[in-house]
Amino acid sequence: MKKIKNIEKAAERIKKAVHNNERIILYGDSDLDGISSVVILEEAIKSLGGRIDCAFFPDRENDGYGINLKALEILKNKAPALFITLDLGIGNVKEVEDANKMGFEVIIIDHHESLIGTPKASIIVNPKQESDDYSFKGLANVGVTFNLSLELLGAGISDNLKNSFLELAALATIADMVPQINQNQEIIEQGLRSLKSTFRPALRAFLDILGNGEVFENSLPKIISALNAAESVNFKNESYALLACPDVKKCKEMAQILLDKNKNKQLQIKNIVQEIERRISQKPAQPIIFEGDRSWKLASAGSASSIICNKYEKPVFIFKHGDKESCGSVRNPKGTNSVDAMKTCCSFLMTYGGHAQASGFRVKNEHLDKFRDCLNDFFKK
């Protein structure tokens, strides 16, 4: 079976770094797909006898999406190092150039489309590269990372470790709203089968608190939602700390904190949804729903967008209205593509990207109205 382009090359470079005791930095997106990718790759590297110097996760609301200069400034004293991005990086042309100048060697592990050219990274592993003829383009990043971990460990991977990776990969694949077909379906089915008897203390903690058995299916959305409720502060992420934690008692405490945090987040989401629906009722119907507010948290925008999108069956753009810039999440019905839509409006955007059904954007406030009108024109057609 054909492999993802450069996956063997990336595995060999990581093995070389482990053998030579090079410094390795993992830089992942702060959603469950990115976090799970970091945990899987870190554990695969540890199984080879290597170690990770640090794992970094940007706060999308304050730091923006992807690699950012603030993080590079903090990390620059660690150069030279192997700098591996997970679930981001393909859109960071300038930032990768900055990282190269600082002395980092960058490997990009991503699954998003390249929208503004190709970064000059040492190695790029991404099934959506134009030059990659890997048969399935719909993997979540965690699926790409799972394939990389198999390449790294080969026949030496134990069934227990493989199942542990599959459990995380299943949860993150569901969370990332990629099509549940092909290898994604295999990952979900195998991972959920293993999850019921998981050895991972963090996941065991959730199942002990929420219950499994007959209520297993009901527990899944709560686990995914709680892990996605974590915040990244100073580039550290609560869900990463939990998923990587070996202590059962500590995991139970941390899992409960995230479940409680998620209850507050769900209340915020409910309030956002109610406010959006109030606004919709007072406006003439448009092809899209485009709403923002200074009081809304970006972390709640994705979930609110999903609820509104499912109810109204329209593309939904929900954003946190900042002082000079606004940052938002997008959800849209099957058969429509939000990334293609934003491509046609990119002259008004600072950054954008994601998948057809779930994506995000950052825009200067002075361009909000033009961006909305451009989107309406696209979806009218």
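**Entry 1: a lysine in α12**

I started with Lys 261, which comes out partly exposed at a relative accessible area of 24%. This is a predicted model, so I keep in mind that side-chain atom pairs count only at pLDDT 80 or more. I then looked for a partner and found Glu 231, in a salt bridge with Lys 261 whose closest N and O atoms are 3.4 Å apart. Lys 261 sits in helix α12 (residues 248-281) and Glu 231 in the loop between α10 (216-228) and β6 (232-233), so the bridge ties together parts 30 residues apart in sequence. I also checked Glu 231 for cover: it is partly exposed, at 34% relative accessibility.

I noted a network too, in which salt bridges with shared partners join Glu 275, Arg 278, Arg 279, Lys 283, Glu 291 and Asp 293.

**Entry 2: other salt bridges**

How many salt bridges does a search of the whole structure find? I get 28. One of them pairs the side chains of Asp 53 and Lys 78, at 2.8 Å from N to O. Asp 53 is in the loop between α2 (32-47) and β2 (54-56), Lys 78 in the loop between α4 (69-75) and β3 (81-86), so this pair ties together parts 25 residues apart in sequence. Both ends are partly exposed: Asp 53 has a relative accessible area of 23%, and Lys 78 has 26%.

Next I looked up Glu 113, which forms a salt bridge with Lys 343, closest N and O atoms 3.5 Å apart. This one links distant parts of the chain, 230 residues apart: Glu 113 is in the loop between β4 (104-109) and β5 (123-125), and Lys 343 is in helix α14 (residues 338-344). Glu 113 is partly exposed at 25%, as is Lys 343 at 37%.

**Entry 3: strands**

I traced an open sheet of 5 strands, paired in parallel, in the order β2-β1-β3-β4-β5. Its edge strands, β2 and β5, each pair on one side only. Neighbouring strands here are turned by 20 degrees against each other on average, ignoring direction. Within the sheet I followed β3 and β4, which pair in the parallel sense over 6 bridges; Leu 86 has Ile 109 in β4 as its bridge partner.

Then I moved to β8 (residues 289-293), where 4 of the 5 residues are buried. Strand β8 runs parallel to β9 (residues 316-321), joined by 5 bridges, and Phe 290 stands opposite Phe 317 in β9. With helix α13 (residues 298-312), β8 and β9 make a right-handed β-α-β unit.

**Entry 4: cysteines**

My disulfide count is 1. The bond joins Cys 345 and Cys 374, sulfur atoms 2.2 Å apart, and the link is left-handed, with -95 degrees about the S-S bond.

Cys 309 is buried, at 6% relative accessibility. I ran the check on Cys 346 as well: its closest cysteine sulfur is in Cys 345, at 8.1 Å, again too far for a bond. Cys 346 counts as partly exposed, at 38%.

Definitions and conventions
Residues are numbered from 1 along each chain as its sequence is written. This is a predicted model: local features need pLDDT of at least 70, side-chain atom pairs count only at pLDDT 80 or more; totals for chains, interfaces and linings use all residues. Side-chain values use heavy atoms; hydrogens and water are left out. A salt bridge is a side-chain nitrogen of Lys or Arg within 4 Å of a carboxyl oxygen of Asp or Glu. Helices (H or I, at least four residues) and strands (E, at least two) are DSSP runs, numbered from the N terminus. Buried means under 20% relative accessible area, exposed over 50%, partly exposed in between (1.4 Å probe, protein chains only). Two strands pair if DSSP finds at least two bridges between them. Axes are lines fitted to C-alpha atoms, for helices over the stretch in contact, and angles run from 0 to 180 degrees between N-to-C directions. A crossover is right-handed if, with the strands pointing away from the viewer, the path from the first strand over the helix to the second runs clockwise. A disulfide is a pair of cysteine sulfur atoms within 2.5 Å.
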